[in-house]
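Welcome! Have a look at the sequence and the structure below, and then we can walk through some of the helices and loops together.

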Amino acid sequence: ADNMEVLLQSLSKVSSDYLMYLAPDLERDLMLEDPEMRSKCVSRVGNLLCTGDDRMVQAYPSLFKSFLKRSSDADTSIRVKMCNYLGQLIEACMQHRSDTIEALCPRMHDID
């Protein structure tokens, strides 16, 4: 799994086009029933989206939207993880800041 993270990061740095065929699988994996698998996918997608610019978000808007939905995940640990990624995305993707803040705001009232 760690090698997969490095490979995806490397490919995305060269060109976001290399991930075109993987994006649907990542989007599907964000919706898996198993919280551990979902959490791994959140990490994988979060690391890709938080690269310091918004080209990944622009290239894969559907994946970005699916990722944002995980901020209201049933699993508390995933919601916490999402808060960390959303904070990074606010800084990294200025053009999509309002969508990111919109996903983050409900977590301010999260009692978990």
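Predicted model: local features only at pLDDT ≥ 70, side-chain atom pairs only at ≥ 80, totals over all residues.

## Helix α6

Helix α6 covers residues 76–92, which gives it 17 residues. From its first C-alpha to its last, α6 reaches 24 Å, close to the 24 Å expected at 1.5 Å a residue.

Which residues of α6 are buried? They are Ile78, Arg79, Met82, Tyr85, Leu86, Leu89, Ile90 and Ala92. Looking down the axis of α6, you would find these buried residues within an arc of 150°, so they line one face of the helix. On the other side of α6, Asn84 and Glu91 are exposed. The buried residues of α6 have packing partners too: α3 (35–49), α5 (61–69) and α7 (97–104).

## Where α3 meets α6

Two packed helices are described by the angle between their axes and the distance between the axes. For α3 and α6, the axes come within 10 Å and cross at roughly 5°. Angles under 35 degrees count as roughly parallel, and α3 and α6 are therefore roughly parallel to each other.

Which residues make this contact? From α3 come Pro35, Arg38, Ser39, Val42, Ser43, Gly46, Asn47 and Leu49. From α6 come Ile78, Lys81, Met82, Tyr85 and Leu89. Sorted by class, the contact of α3 with α6 has seven nonpolar, four polar and two charged residues.

Now turn to α5, where Leu63, Phe64, Ser66, Phe67 and Leu68 are buried. The cover over these buried residues of α5 includes α2 (23–29), α3, α4, α6 and α7.

How do the axes of α5 and α6 cross? They come within 10 Å and cross at roughly 135°, and that makes α5 oblique to α6. On the α5 side, the contact is made by Phe64, Phe67 and Leu68, while α6 brings Met82, Tyr85, Leu86 and Leu89. By class, this contact of α5 with α6 has seven nonpolar residues, no polar ones and no charged ones.

## The loop between α3 and α4

Cys50 sits in the loop between α3 and α4. Is Cys50 buried or exposed? Its relative accessibility is 16%, and buried means under 20%, so Cys50 counts as buried.

Setting aside its neighbours within four places in sequence, Cys50 is in contact with Tyr85, Gln88 and Leu89. Tyr85 and Leu89 are also among the residues of α6 that are buried. You can follow Cys50 to another part of the chain as well: Leu104 is 54 residues apart from it along the chain, and their C-alpha atoms are separated by 15 Å.

With a relative accessibility of 27%, Arg55 counts as partly exposed. Arg55 and Cys83 are 28 residues apart in sequence, and their C-alpha atoms are 21 Å apart in space.

Our last stop is Leu22, in the loop between α1 (2–14) and α2. Leu22 has a relative accessibility of 32% and counts as partly exposed.

How values were computed:
Residues numbered from 1 in each chain as written. Heavy atoms only, no water. Buried < 20%, exposed > 50% of the residue type's maximum accessible area, 1.4 Å probe, protein only. Helix = DSSP H or I, 4+ residues; strand = E, 2+ residues; numbered from the N terminus. Expected span 1.5 Å × (residues − 1). Arc of directions from axis to C-beta. Contact = heavy atoms within 4.5 Å. Axes fitted to C-alpha atoms, helices over the stretch in contact; angles between N-to-C directions. Parallel < 35°, antiparallel > 145°, perpendicular 65-115°, else oblique. Nonpolar A, V, L, I, M, F, W, Y, C, P; charged D, E, K, R; others polar.
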